[in-house]
Every structure is written in structure tokens, then in C-alpha cells.
Amino acid sequence: MSIDSSNASSATVPSASRPGDLPDDHPLRARIAEAVHAVRDTTPLAQSFTNFVTINLVANAQLAVGGTAAMSYLPDDVLDIAAICGATYINVGTLLPFYKDALADIARGLHDQGKPWVLDPVAAGLGATRTAILESFRDVPPTVVRGNASEIIVLDRMWELSDMTADAGEPTTRPAGVESADEVESAMPAARRIARHLAAHSNDGQGAVAVSGAVDFVTDGTRGYRLPGGSALMTKITGAGCSLGGVVGTYLAVADPLTAAMAASLHFNRAGEIAEAAAHGPGSFQTEFLDALWNVTAEQIAESTILQ
């Protein structure tokens with residue numbers, strides 16, 4: 001999600017001139033464009049159980065991409081809304097005491113209803129309560145996980161998905177608060193394993209993981225794509241990652257997990273570039289960013305650089 005100036009105008013460059021880029025006529029590009037149009041045409045409802053520090057930006061980002069937002073912290077309320085909305089987003093940042101039981105109940109309820117949901121494992125590995133919450137999701141996992149590299153590596157080990165012998169050469173990590181102490185590249189094997197785990201527990205055999213960083217990585221466990229671009233100013237406002245998780249939920253309401261994660265990540269990257277060009281600092285960046293989410297076209301998003 002940080003800026004790569006060489007990619008700022010990549011949507012205007014034929015993919016044949018971008019080594020490793022998906023062809024212009026690749027079906028994934030068409031699905032991404034269709035998802036953007038579907039969100040704007042149908043304004044799908046995606047609810048959020050997200051931390052109260054970033055709840056405003058999460059809701060505004062969902063509205064800016066064309067969706068509808070609903071926020072709640074009550075398990076019965078969340079599950080009732082889940083019955084009528086397209087997807088649910090759960091964020092484990094800024095915990096309150098009741099979250100431990102509430103989130104476990106919500107995850108079980110969503111699983112029993114067969115409803116899609118997105119998990120943002122904020123600060124995975126930090127504190128006993130957060131660890132207990134995330135461990136409770138292992139057998140009733142989300143449809144999509146979106147996090148930074150450190151969070152993805154920790155979640156993979158927390159859920160005991162890695163073969164400790166086969167993966168002995170992989171990096172270890174430590175909790176790093178809400179920031180990442182690892183590079184996206186180092187989280188790719190863990191992301192693939194988590195995605196396969198999500199797919200194995202889903203009704204339709206699909207799941208996806210989006211790893212945010214200087215170059216984002218999105219995988220369904222088999223296929224993996226690197227997405228350059230975005231803006232470094234995203235790290236200077238509170239809630240950029242949280243709002244991306246909410247927007248993944250918006251797209252998950254209209255698309256399969258991989259397409260939803262790709263469309264949301266690319267939408268954010270293009271909007272971040274546009275916003276940075278017009279902003280004078282973090283304050284104006286946030287305003288410009290919401291406007292850019294609203295104004296960037298489906299074609300700009302679908303024509304983004306997508307490296308295999």
C-alpha cells in the first residue's frame with residue numbers, strides 16, 4: 001500500500017510492456033471490473049465489528065466505494081444483520097473485555113449460517129485475550145483474511161498450519177503492535193497456507209488472504225498476485241488498513257473471495273496514488289483519499305499492474 005512512483009500511471013501502459021503482468025484480456029481483470037460495477041450498481045450492505053478508533057473511516061470508505069455500512073458490537077445484532085447483508089468484517093484491534101466471548105460467538109454463528117466474513121487480525125500475538133480470540137477462529141475461520149505480513153505469519157503459526165520441519169527455513173516473527181516487523185515476501189508461504197485452510201472450511205471451497213505492504217500480495221492458496229502501488233501517506237492516517245478490511249467486505253458481498261480481495265486492494269492503491277498527488281499532508285490526504293475512492297473508475301482499477 002505504499003507508493004511506487006514507477007507504477008503511478010501503469011493503467012495506461014499496455015500489459016505486454018510490463019514483464020510479469022497479467023494480460024489485458026485475463027478473466028481476472030474482467031471479474032475485478034465487474035465487481036467494481038456491481039458494488040456501485042447495487043450498494044451492497046457489509047456490516048462491521050471493528051475497533052472504535054477507526055470505525056468512522058471504515059464506514060466512510062465503504063460508502064465511498066459505493067457500498068453501505070452498518071456497525072455493531074452485539075453478537076445477536078451482528079448475526080441478525082448477517083442474515084440480510086452480503087458480508088461481515090471483524091477487526092480485533094483496540095479490544096474491550098467482552099470481545100473475547102462476543103467474537104467467538106459471532107464467528108460460530110456466521111459459520112453455522114454459512115455467511116462470508118473478513119478477518120483483520122490486528123496485532124496478532126499481542127496479549128492473551130487477543131490470542132484467545134484469534135485461536136477461537138481456527139475451526140470456524142473467515143472467508144478472507146486481510147493483514148500485514150507480521151500478522152499473517154503469526155496467525156499461521158497460531159493456527160498451527162505450517163509444517164515445522166518443511167518450513168524450518170521460514171522466518172520467525174514477533175508481535176509488532178499494529179505495524180509490521182516483516183516484509184510481505186516473507187509472509188507469502190503463510191498466506192497461501194491460511195488461504196487453503198479458509199477454503200477447506202468454506203461451503204464453496206474458496207478463500208483468500210490479502211497481505212498489505214509496499215507491494216501487496218493476494219492469494220487463494222494456489223494462485224498468488226503482487227500488487228504494486230498506493231501511497232506512503234496511508235501509514236500516516238489512522239485506519240487505512242482497517243478501512244481496507246471493511247472494503248474487502250463490501251466487495252465480498254458481490255464477488256468471490258479472490259476477486260473481492262484483489263478489487264479492494266487495487267481500488268485502495270489507485271485511490272492512494274490519486275490522493276497523494278493532491279494532498280498537502282495526512283489531513284488533506286484522508287479527504288482526498290475518500291474522494292478518490294469515489295471517483296476512480298472500474299477501468300483504472302481493473303487495468304492496474306497485477307504481477308504473477
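Let's begin with a term you'll need: a residue counts as buried under 20% relative accessible area, as exposed over 50%, and as partly exposed in between. Keep in mind that this is a predicted model.

**Exercise 1.** Find out whether E273 and its salt-bridge partner R270 are buried or exposed.

*Solution.* 
- Step 1: Look at the contact. The side chains of E273 and R270 form a salt bridge, with 2.7 Å from N to O.
- Step 2: Apply the cut-off. E273 has 10% relative accessibility, so it counts as buried. R270 comes to 5%, so it is buried too.

**Exercise 2.** Work out which parts of the chain the salt bridge between D256 and R31 ties together.

*Solution.* 
- Step 1: Check the distance. The closest N and O atoms of D256 and R31 are 3.8 Å apart, and the cut-off for a salt bridge is within 4 Å.
- Step 2: Locate both ends. D256 is in the loop between α8 (240–252) and α9 (257–278), while R31 is in helix α1 (residues 27–42), so the pair links parts that are 225 residues apart in sequence.
- Step 3: D256 is partly exposed at 22%, and R31 is partly exposed at 28%.

**Exercise 3.** Classify each partner in the salt bridge between D220 and R223 as buried, partly exposed or exposed.

*Solution.* 
- Step 1: Start with the contact: the closest N and O atoms of D220 and R223 are 2.6 Å apart.
- Step 2: Take D220. Its relative accessibility is 15%, so D220 is buried.
- Step 3: Take R223. Its relative accessible area is 38%, so R223 is partly exposed.

**Exercise 4.** Say what lines the second largest pocket.

*Solution.* 
- Step 1: Get the volume, which is about 250 Å³.
- Step 2: Look towards the centre. The pocket has 19 lining residues, and the closest to its centre are K115, P116, T143, S202 and N203.
- Step 3: Sort the lining by class: nine residues are nonpolar, seven polar and three charged.

Key
Residues numbered from 1 in each chain as written. Predicted model: local features only at pLDDT ≥ 70, side-chain atom pairs only at ≥ 80, totals over all residues. Heavy atoms only, no water. 1 Å grid on protein atoms, 1.4 Å probe; cavity = no way out; pocket = protein on both sides within 12 Å on 5 of 7 lines; lining within 4 Å. Points joined across faces, edges and corners; volume = space filled by probe spheres on them. Nonpolar A, V, L, I, M, F, W, Y, C, P; charged D, E, K, R; others polar. Helix = DSSP H or I, 4+ residues; strand = E, 2+ residues; numbered from the N terminus. Buried < 20%, exposed > 50% of the residue type's maximum accessible area, 1.4 Å probe, protein only.
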